Amino acid sequence: MKIAFCLFKYFPYGGLQRDALRIARLLRARGHRVEFFTLAWQGERDAELPVHLLPTRGLANHVRYARFARALAEATRGFDGRVGFNKLPGLDVYYAADSCFVARMARRPFWHRLTPRYRAFVAAEGAVFGPASRTHILAISPAEARRYQAAWGTPAERFHPLPPGIAEDRRAGPDAEALRASLRAEFGIAPDEFLLLAIGSGFRMKGLDRSIAALAALPEALRRRTRLIAIGRDKPGDFERLARRLGVADRFTILPGRDDIPRFLQGADLLLHPARYENTGAVLIEAVVAGLPVLVTEVCGYAEHVAASGCGRLLGEPFSQAEFNAALAAALTGAQRPAWRAAGIAYGQSHDLWHLHARAADAIEQVLAR
C-alpha cells in the first residue's frame with residue numbers, strides 16, 4: 001500500500017515525531033511505501049521515506065494548519081490511506097498523542113471558546129472524533145480515550161488501544177553504574193550532590209517553572225547540594241530568568257534534545273514532571289524502567305505506571321506548589337529512593353512496555369485493508 005503520514009512539524013527529539021518515524025520504518029519493512037507530508041522538517045531524512053513540504057502562510061497557527069489540511073487533501077490523492085499525527089480532516093487513521101482539546105478548554109474561562117482559534121481546533125478535532133467521522137484512532141492513553149469519548153460520543157469500535165512503546169535501551173542494565181559515573185563526571189556533579197532531571201519539549205506544559213520553584217524552596221544547605229537539568233526543545237529565556245529571579249541560576253541548566261538520554265536516567269537521582277496536562281508522558285515509563293524515581297502530577301496519562309510500579313509519588317489536583325516543594329525535599333532527604341528504584345526496575349521486567357510501534361503498524365494495515 002501507498003500510505004501518507006501527515007504531521008504539522010517534524011523535529012528529531014519530539015516524542016510524537018519519533019513515534020511517527022518508527023512506525024513508518026516498520027511499515028516500509030513490511031513492503032509498504034510511506035511518504036511524509038509536513039509543514040517543516042528539521043534533522044536528517046531517511047532516503048527511503050520521501051518527505052514532501054507543504055509550506056503555508058498565515059499569521060496564526062490555526063490559519064496555517066487549515067491551509068495545510070487543504071493542500072494535504074490535494075497532494076495525497078491516489079494514496080491508499082492517510083495516517084495523521086495531528087488532528088486533520090480526511091484521515092483514515094489518527095495517532096492520538098495529543099490531549100482532548102474540548103476537554104482541556106472546558107476548564108478555561110468561557111471567552112477562550114469565543115475565538116477563531118477555538119473554533120478551528122474544535123472543527124479539526126470533530127473531523128477525527130465526531131460520531132459521523134470514519135477515522136480510526138490509535139489510542140495510546142486509556143484515560144485520554146475516555147475523555148474523547150465523553151466529549152464527542154466517538155464509537156468504541158473506532159479506538160485501537162496500544163501499549164506503551166519505549167526504547168529497550170532505557171532499561172537499567174549492567175552498565176548502569178558506568179553510565180551514572182560518566183554523566184556526573186561530565187557535568188561536575190559530586191558524589192554527595194543530587195541531580196534532578198526534567199525531560200520534555202514544551203517546558204511550561206511540562207511544569208518546568210514549578211520544578212525551578214521547588215528547587216528554590218529547598219532548605220539552603222540542601223539547595224546548595226542540588227542541581228536541576230532540563231532537556232528539551234523550547235525557548236529557554238523565561239525559565240532562565242525565573243531561575244535568576246529565584247536565586248538558583250547557578251544550580252540550573254537547560255540542554256537541547258540529546259541522543260544519550262539513558263546516561264541522564266542513570267546519572268540523576270529524581271525525575272520531576274509536574275506537568276499541567278499531558279496525554280501520556282513516555283519519559284515517565286522510561287524513568288521507571290531505568291529505576292529513576294519520579295515526582296509527577298496525576299493528570300499525566302502514564303502517571304498510572306508510576307503509581308502501579310511504586311517508583312515515586314503522584315501529586316493530586318488541583319496542583320499545590322507547597323505540596324510539590326515538600327515532596328521534593330522529602331524525596332531527597334528520605335530513605336525511600338532505593339526502594340523506588342528497585343520497584344521500577346522490577347516493573348519493567350514484568351510488563352509489556354515496548355510494543356506500541358508494532359501494534360500501531362498492525363492496526364494501520366488492518367484499517368487500510370478494509
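Helix α7 (residues 208–217) is largely enclosed by the rest of the structure, because eight of its 10 residues are buried. Buried here means under 20% relative accessible area, with exposed over 50% and partly exposed in between (1.4 Å probe, protein chains only). Helices (H or I, at least four residues) and strands (E, at least two) are DSSP runs, numbered from the N terminus. The buried residues of α7 are Leu208, Asp209, Arg210, Ser211, Ile212, Ala214, Leu215 and Ala216. The model is predicted: local features need pLDDT of at least 70 and side-chain atom pairs count only at pLDDT 80 or more, while totals for chains, interfaces and linings use all residues. Residues are numbered from 1 along each chain as its sequence is written, and side-chain values use heavy atoms, with hydrogens and water left out.

The protein chain as a whole comprises 15 helices and 15 strands. Its C-alpha trace spans about 65 × 50 × 35 Å along the principal axes. The radius of gyration of the protein chain is 21 Å, which agrees with the value near 21 Å for a compact globule of 370 residues. That radius is taken over C-alpha atoms, and the globule rule is 2.2 Å times the number of residues to the power 0.38. Of the 370 residues, 54% count as buried. Contact means heavy atoms within 4.5 Å. Among contacts between residues at least 6 apart in sequence, 66% join residues at least 24 apart.

In soluble globular proteins, nonpolar side chains tend to be buried together. A nonpolar core is a set of buried Ala, Val, Leu, Ile, Met, Phe, Trp, Tyr and Cys residues joined through side-chain atoms within 4.5 Å. The largest such core holds 65 residues, of which Phe5, Phe36, Leu197 and Ile364 touch the most other members. Apart from this core lies another, of 31 residues, including Leu196, Ala216, Phe319 and Ala329. Beyond its neighbours within four places in sequence, Phe36 is in contact with Phe5, Leu7, Ala20, Leu21, Ala24, Trp41, Leu49, Pro50, Val51 and His52.

Ala268 lies in the loop between α10 (261–267) and β13. Ala268 is buried, with a relative accessible area of 5%. Ala268 and Pro293 are 25 residues apart in sequence, and their C-alpha atoms are 9.2 Å apart.

Cavities and pockets were located on a 1 Å grid over the protein atoms alone: a cavity is a set of points where a 1.4 Å probe fits but cannot get out, a pocket is an open set with protein on both sides within 12 Å along at least five of seven lines, and lining residues have an atom within 4 Å of a point. Grid points are joined across faces, edges and corners, and a volume is the space filled by probe spheres set on the points. Two cavities of 30 Å³ or more were found. The largest cavity has a volume of about 60 Å³. Ala198, Ile199, Gly200, Phe203, Lys206, Leu208, Ala230, Leu272 and His273 form its lining.
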